Amino acid sequence: MTSRKIPVARALVAATASAVVLSLAATAVPAHAGPGHGSGHGSGHGHSTGGHHRQAEPLVIAHRGASGHRPEHTLEAYRLAIRMGADFVEPDLVATRDGVLVARHENEISGTTDVAEHPEFAARRTTKLVDGSPITGWFTEDFTLRELRTLRAEERLPQVRPDNTAYDGRFQIPTLDEVIALVRTESRRVGRRIGIAPETKHPTYFDSIGLSLEEPLVRTLRRHGLDRRNARVVVQSFETTNLRQLDRMTRVPLAQLVDAAGAPYDLKAAGASTTYADLVTPSGLADIASYADWVAPNKALILPRDSAGATGAPTALVDDAHDAGLRVVTWTLRAENQFMATNFRIGTDPNAHGDLAAESRAFLDAGVDALFADHPGIVVRARDAWVDDLG
Ligand SMILES: [Ca+2]
Ligand SMILES: [Ca+2]
């Protein structure tokens, strides 16, 4: 573990050895600290969960932008999220054929663009093995940035979010550079320092085709002056190997994503039997804390559903993660009934909105430090009310 990655809780225990360093670090922390500000005590709400004192106001991260309202991963979706009050926006990152990082949830883009309507690209439809699964469609790595620019974004869930299809065909696929520029511009406009939470998608796969994601990511962060420990940036991955690499490549905070089932593909590909469940045991969390600052579990790992599909008491995960010195961000809060536990649903229409504010409160009460949300406006209001209630 490098010294800069020492979680603050543990660092405070060892304060006799590093009191001077800590006090210097503390003076450098801005009032409203972001992910990775282990010493971000600025807001001082003093909320206590299971004996753990909350370090800062919980953050709302707009998942793929305000993806509940606009086609995901477009500048328009990110901009709307910021105007709705989101603290961070999340671009998922994949590579183009010429090695440019662009924002898409998947390298296969038939579900989120109009590529199928472009006869000039018809011959590029193909089947590839991605993380061991055969996927058929069109892939970003087969297009130059210039070619991708001729495509337009489409709503990924047209049945669930029919209103969003009004924006189909209007927005381009943005580059990481453009997302960072937008965040900078919008931060000035709204008077808040908006953060960015890029996710490296399929890093083992991209290595296998000679388009490693980490180097262009770190280069881009550096070019924008964001390769800093206190930058409002957190880089996420479902894989472990590339986060360990990034820990040596960049100063920005890192987040280990953990799904409710399965295993990190890098470990699987290496023949290891380690599962996501192993990652969130106390010893697994301690290992994550050696290279990352955040753990980002699927929300079912924090509030599991009972046989009726309702949430009850939280698991030990949030407390265990805090004990390991990690902060916790969970995913994904979405307004539609079908994505919620039964106790938050309103009516029986799977596409109608349930009580997202109640779901937000349940996870805040469970002690999470941040929430990924498709509908950031609702979650920001719920978070603000929850913080106010703390007095
Ligand atoms: Ca993501
Ligand atoms: Ca790589």
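**Close-up views of a predicted model**

Of the contacts in the protein chain with a separation of 6 or more, 64% join residues 24 or more positions apart; two residues are in contact if their C-beta atoms, placed from the backbone, lie within 7 Å. This is a predicted model, in which local features need pLDDT of at least 70, side-chain atom pairs count only at pLDDT 80 or more, and totals for chains, interfaces and linings use all residues. Residues are numbered from 1 along each chain as its sequence is written, while chains are lettered from A and ligands numbered from 1 in the order in which they are written.

**View 1. The whole chain has 14 helices and 15 strands.** Helices (H or I, at least four residues) and strands (E, at least two) are DSSP runs, numbered from the N terminus. Of the 391 residues in the protein chain, 48% are buried. A residue is buried if 20 or more other C-beta atoms lie within 10 Å of its own, exposed if 12 or fewer, and partly exposed in between, with C-beta atoms placed from the backbone.

**View 2. The largest nonpolar core holds 94 residues.** Such a core is a set of buried Ala, Val, Leu, Ile, Met, Phe, Trp, Tyr and Cys residues joined through C-beta atoms within 7 Å. I61, A81, A86, V89, V329, V368 and L371 touch the most other members. Helix α3 gives the largest share of this core, six residues. The core draws at least three residues from each of domain 1 (3-102 + 174-389) and domain 2 (106-163). Those bounds come from an automatic or database domain assignment. Not counting residues up to four places away in sequence, V329 touches I61, A255, W294, A296, V368, D369, A370, L371 and F372.

**View 3. Helix α3 has L75, A77, Y78, L80, A81 and I82 as its buried residues.** Their cover includes β3, β4 (88-89), α5 (176-190) and α14. Just after α3, G85 takes a positive phi of about 105°.

**View 4. Helices α13 (residues 356-365) and α14 (residues 376-389) pack at an angle of about 50°.** Their axes are 9 Å apart. Axes are lines fitted to C-alpha atoms, for helices over the stretch in contact, and angles run from 0 to 180 degrees between N-to-C directions. The two helices, α13 and α14, are therefore oblique to each other: angles under 35 degrees count as roughly parallel, over 145 as roughly antiparallel, 65 to 115 as roughly perpendicular and the rest as oblique. The crossing of α13 and α14 is right-handed, meaning that the near helix is turned clockwise from the far one by less than a right angle. From α13, L356, A357, S360, R361 and L364 meet I378, V379, R381, A382, R383 and W386 in α14.

**View 5. H73 has a positive phi, near 55°, and is not glycine.** H73 sits in the loop between β3 (59-62) and α3 (75-83). It counts as buried because it has 27 C-beta neighbours inside 10 Å.

**View 6. H202, also not a glycine, has a positive phi of about 50°.** Its place is the loop between β10 (199-200) and α6 (203-208). H202 has 23 C-beta neighbours inside 10 Å, so it counts as buried.

**View 7. S212 lies in the loop between α6 and α7 (214-223).** With 17 C-beta neighbours inside 10 Å, S212 counts as partly exposed.

**View 8. The peptide bond from W331 to T332 is cis.** Its omega is near -10°. T332 belongs to strand β14 (residues 327-333).
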